[in-house]
Amino acid sequence: MKAALITLFVLLSGLLGALTPPVSAAQASQDRVTIIVLDQSGSMIRDRPTANPPARASDPQGLRCSAVRLLADLATPQDALGLIRLETRSTADNDLAAQTIVSPPIIMGTRQARERFKELVRCDDAQHNTPIADALARAYAELEDIQRQRSGTPFNGQVLLLTDGAPAPQSERQRQAIAELVPDFARNGWPIHTIGLRLGVNRQAEAIELLRTVATRTSGISYGDVDDPLALQDIFLEFFARQTGRTLRPGTLRQIGPNAEYALNVPAYATRIDVLVARDTPAARITLHQPGPRFTPVTEGVPGVVLLSDDDNYY
């Protein structure tokens, strides 16, 4: 194996572990319904040499989809995940409709449910514009429908919005529609968390401000703007840790060569540990070993050990 760039993350559970950040007991006990609005506009996979300024494709490898699949693998039986593709199928100026909802919320209670959701997360067919207003309206309708179905039983509804651009087409009309929709999310206690991808690099200051405003006015978290799509896995891990009150030990990017080793120290208070490795190449292979003179590999057959995923190219 050639040298590869990897990032090692550790999620811990235990009585002495500091929460990241603290969540209330009521929040922790309630079901969570997260609608992921995932940008699939053409700018994700195609360069735009005629743009002003010219722009490179934001995520040609589809690393944003790996980050979403990672969230599904980590999800608990309390989590339900839904997916909306943020794209239009034409370049027409009057086409403001987001692509239909790819998946209504699916409870992540079984491996089969997680795999079914992950199969729907595809980044190989990005299309045209960025109808953020309509996508958020569809997300709101999904949460409202769940609210009716539950007949007053509380749940934590929320939206996680990831985009590499401002609303398009008819940006100003969409911004007005978003401004009118935001109070509805806030009134129901449904935050919109936002992530920007390569907005600063492509000089989209207004898009950065829009994401910050939407998050702030709905009591959501603005995770800012990232230049490297490989960093999205870090953000999705932080998002999961915040939801569940688990401790996230941040990862450090390092280059590893063939047969390289890294020692992982586990604190005594830990009752559960998740080891996650982000990699920049599908060729990288990582094995977890028990401590001891023979470094016995840890496999899924060992009691208490579960392999979440080994089928993604980047984690």
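Author: The sheet is open and has six strands, in the order β4-β3-β2-β5-β6-β7, with mixed pairing. Two strands pair if DSSP finds at least two bridges between them, and the elements themselves are DSSP runs numbered from the N terminus, helices being H or I with at least four residues and strands E with at least two. The edge strands, β4 (101-107) and β7 (222-226), each pair on one side only. From one strand to the next, the twist averages 15 degrees.

A word on the source. This is a predicted model, in which local features need pLDDT of at least 70 and side-chain atom pairs count only at pLDDT 80 or more, while totals for chains, interfaces and linings use all residues. Residues are numbered from 1 along each chain as its sequence is written, and side-chain values use heavy atoms, with hydrogens and water left out.

Strands of a sheet pair through backbone hydrogen bonds, either parallel or antiparallel. Strand β5 (residues 156-163) runs parallel to β6 and is joined to it by five bridges; Thr 163 has Gly 196 in β6 as its bridge partner. β6 and β7 also pair in the parallel sense, over three bridges, and Thr 194 stands opposite Ser 222 in β7.

β6 is mostly covered, with six of its six residues buried. Buried means under 20% relative accessible area, exposed means over 50%, and partly exposed lies in between, using a 1.4 Å probe and protein chains only. In a regular strand the side chains alternate between the two faces of the sheet. In β6 both faces are covered: Ile 192, Thr 194 and Gly 196 are buried on one side, and His 193, Ile 195 and Leu 197 are buried on the other.

Thr 218 is found in the loop between α6 (205-217) and β7. Thr 218 counts as buried because its relative accessibility is 3%. Leaving aside neighbours within four places in sequence, Thr 218 is in contact (heavy atoms within 4.5 Å) with Val 182, Phe 185, Ala 186, Trp 190, Pro 191 and Ile 192.

Helix α5 (residues 171-188) and α6 pack at an angle of about 20 degrees, with their axes 9 Å apart. That angle makes α5 roughly parallel to α6. Axes are lines fitted to C-alpha atoms, for helices over the stretch in contact, and angles run from 0 to 180 degrees between N-to-C directions. Angles under 35 degrees count as roughly parallel, over 145 as roughly antiparallel, 65 to 115 as roughly perpendicular and the rest as oblique. The crossing of α5 and α6 is right-handed; a crossing is right-handed if the near helix is turned clockwise from the far one by less than a right angle, and left-handed if anticlockwise. In this contact, Arg 175, Ile 178, Val 182 and Ala 186 of α5 meet Glu 206, Ala 207, Leu 210, Val 214 and Arg 217 of α6. By class, the contact of α5 with α6 has six nonpolar, no polar and three charged residues. Here Ala, Val, Leu, Ile, Met, Phe, Trp, Tyr, Cys and Pro count as nonpolar, Asp, Glu, Lys and Arg as charged, and the others, Gly among them, as polar.

On another side of the account, α5 also packs with helix α4 (residues 132-150): their axes come within 9 Å and cross at roughly 25 degrees. That makes α4 roughly parallel to α5. This crossing of α4 and α5 is left-handed. The α4 residues in the contact include Leu 136, Tyr 140 and Leu 143, and those of α5 include Ile 178, Leu 181 and Phe 185. The residues of the contact of α4 with α5 divide into 10 nonpolar, three polar and two charged.

Finally, helix α2 (residues 63-74) packs with helix α7 (residues 232-244) at an angle of about 25 degrees, their axes 9 Å apart. That makes α2 roughly parallel to α7. Their crossing is right-handed. Among the residues that meet are Val 68, Leu 71 and Leu 74 in α2 and Phe 236, Phe 239 and Phe 240 in α7. The contact of α2 with α7 has 10 nonpolar, two polar and one charged residues.
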